[in-house]
Amino acid sequence: RGGGGGVSGGGGDDGGGLTDELRQCEPLLSLFCQGILIPLLKDPVKYSGREYYLKPSITRDSVVTSNMDAIVGFLELMLDGQLSPKDTGQKILLSAERQLKPKLLQYLMTQADVGDDLETRLVMDTYLAHFGRSTEAVTLSSVDLMRLSNMLKANLSKLRMREGDALEMIVQDLPVWTADQIMCSAGCEVLHNFFLDPRFLLLDTTPPHLCQTSKCVLQRNLCAARSTDKQIQCYADGDAEDPRRIIDLLFRELPPLSSNDLRELRTEFTSLRLRYEQEPQPPYAKILHLKEGERVVGDLIAQATRPQDVIGSLLVLVSARDHHIQYLFHMQKGMAEIQHRREAHERDILRWKAELESAVHFSLDLKLPARFSNASGSHWLKFNEIHKSIKSRRSYNATDMKQLGATIAPIATYSVKELKRMNVLVEVHPPFSAMQKSMRITVISSPSGGVDLVVKVVCGQNQSTVKTLAVPDSKLEEMRRASGRETVPLSNPGEQPFLTCLGSEFVALVTKIKEQRT
């Protein structure tokens with residue numbers, strides 16, 4: 001089960017300064033030199049400049065460019081294996097190869113030693129992004145958007161994860177951009193900013209799911225058919241009757257084995273089983289597994305299976321377990337990072353809350369601390385003037401009212417006649433229209449951003465509330481976007497319209513009331 005120089009054992013030196021471990025990186029060396037190093041040295045003018053962190057002045061030095069050409073020639077000879085010890089004229093180059101090649105391979109091995117934690121980072125980053133309030137901006141040019149659109153449409157069958165896929169429905173409405181259209185856009189480049197809300201999981205009340213196809217945490221309706229609400233994946237041991245798993249289980253349960261082929265392995269299984277059966281307290285589970293192992297090995301012998309094939313199949317299982325162990329290790333690190341970020345976010349919330357309360361407290365009278373006034377000297381401070389104006393107009397202390405728990409909301413009361421004269425109200429609908437002469441409508445700004453309309457009928461000293469309408473902030477936003485003379489019926493959900501107003505004038509009235517709260 002060991003053997004040879006080994007993939008991970010460091011191996012032996014082949015006489016050229018290369019261990020077996022370094023030799024595994026030789027394909028990377030060819031890729032690195034032919035894809036990065038040689039192109040850069042062949043065309044230094046193209047790759048010198050601020051964006052490549054190289055000074056353009058080096059390309060004007062004839063000695064430097066000549067040395068670059070020499071290095072390119074040496075690298076090409078080294079990669080093609082054209083350096084021969086028999087050629088006495090290449091002794092210096094062979095010496096350079098023995099010095100340089102191991103160092104390059106060691107560098108590449110270090111660069112390639114990166115754990116595959118993509119799946120865990122996708123999960124962790126999704127949750128970490130929710131511990132913040134900022135949006136993320138993505139900037140793309142028109143040309144990039146066109147090419148991206150064409151790429152999505154060309155590969156839509158590969159991107160589709162389920163019937164009625166959300167991405168497919170969006171992409172279907174996109175046009176196919178021609179090469180001429182893309183070229184025209186390149187001439188007048190326009191950048192487009194997309195602001196994304198990374199806290200998208202909060203938009204859905206259902207638990208987030210881990211999509212088994214994309215390996216991303218998504219809302220359930222965006223996942224493929226195979227998804228789970230468990231964010232940590234469990235290791236699947238597979239079919240218990242699989243011959244590979246039976247032998248793998250025995251290799252894990254038994255002490256080190258000394259067999260060199262399958263027949264010796266079956267004999268060793270039989271010997272161990274007989275020995276266990278003679279013990280005072282026989283391990284029946286292990287004995288049963290050995291019997292299964294004898295049967296499986298006998299079947300492999302009958303099928304003329306090579307020991308190398310058995311070892312190869314066992315390596316697949318070992319690799320799968322190692323991959324899952326690494327996955328759990330990365331998940332553990334990620335969960336610790338999430339907990340740390342969560343605690344920091346909770347501290348931020350406390351700080352933000354204190355800052356907001358301080359801002360609200362200051363907004364009640366806009367009185368600056370004494371140190372601001374003292375430091376201003378002869379300079380005039382606008383806040384001090386506003387504070388004096390508020391104090392002279394109010395008959396109550398807003399700060400004291402706030403401490404008592406009172407809500408100071410902008411409020412104004414109008415008759416139906418006044419609202420019609422202001423072009424805010426168009427009509428009151430039956431059967432309430434019969435009472436409109438004695439109606440008073442109070443507009444109250446709500447903390448959520450919308451307004452409440454309280455409709456009362458006044459008869460002398462008596463008044464009674466006939467209707468309360470809640471106009472949410474989203475409704476006000478619709479009115480702001482509507483055309484200038486568009487009428488809007490107002491009602492509570494599930495009820496007939498109570499009144500109709502002119503959207504633009506209603507929004508203007510609400511804005512005026514909020515601005516005059518002081």
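**Exercise 1.** Sort the lining residues of the second largest cavity into nonpolar, polar and charged.

*Solution.* Start with the terms: on a 1 Å grid over the protein atoms alone, a cavity is a set of points where a 1.4 Å probe fits but cannot get out, and lining residues have an atom within 4 Å of a point. This is a predicted model, where local features need pLDDT of at least 70 and side-chain atom pairs count only at pLDDT 80 or more, while totals for chains, interfaces and linings use all residues. Residues are numbered from 1 along each chain as its sequence is written, and side-chain values use heavy atoms, leaving out hydrogens and water.

Next, find the lining: Glu119, Val123, Leu210, Lys215, Gln231, Gln233, Tyr327 and Met331. Now apply the classes: Ala, Val, Leu, Ile, Met, Phe, Trp, Tyr, Cys and Pro are nonpolar, Asp, Glu, Lys and Arg are charged, and the others, Gly among them, are polar.

Finally, look at the volume, meaning the space filled by probe spheres set on the grid points, which are joined across faces, edges and corners. For this cavity the volume is about 50 Å³.

**Exercise 2.** Describe the largest cavity by its volume and its lining.

*Solution.* First, the volume is about 80 Å³. Then read the lining, which includes Leu419, Ile441, Cys501 and Phe506. Sorting the lining gives 11 nonpolar residues, with no polar and no charged ones.

**Exercise 3.** Work out how helix H18 and helix H19 are packed.

*Solution.* Two packed helices are described by the angle between their axes and the distance between the axes. Axes are lines fitted to C-alpha atoms, for helices over the stretch in contact, and angles run from 0 to 180 degrees between N-to-C directions.

Step one: the axes of H18 (residues 473–481) and H19 (residues 503–515) come within 8 Å and cross at roughly 125 degrees. Step two: that angle makes H18 oblique to H19, since angles under 35 degrees count as roughly parallel, over 145 as roughly antiparallel, 65 to 115 as roughly perpendicular and the rest as oblique.

Step three: list the contact (heavy atoms within 4.5 Å). H18 brings Leu476, Met479 and Arg480, while H19 brings Gly503, Phe506, Val507 and Val510. Step four: sort these residues into 5 nonpolar, 1 polar and 1 charged.

Definitions and conventions:
Helix = DSSP H or I, 4+ residues; strand = E, 2+ residues; numbered from the N terminus. 1 Å grid on protein atoms, 1.4 Å probe; cavity = no way out; pocket = protein on both sides within 12 Å on 5 of 7 lines; lining within 4 Å.
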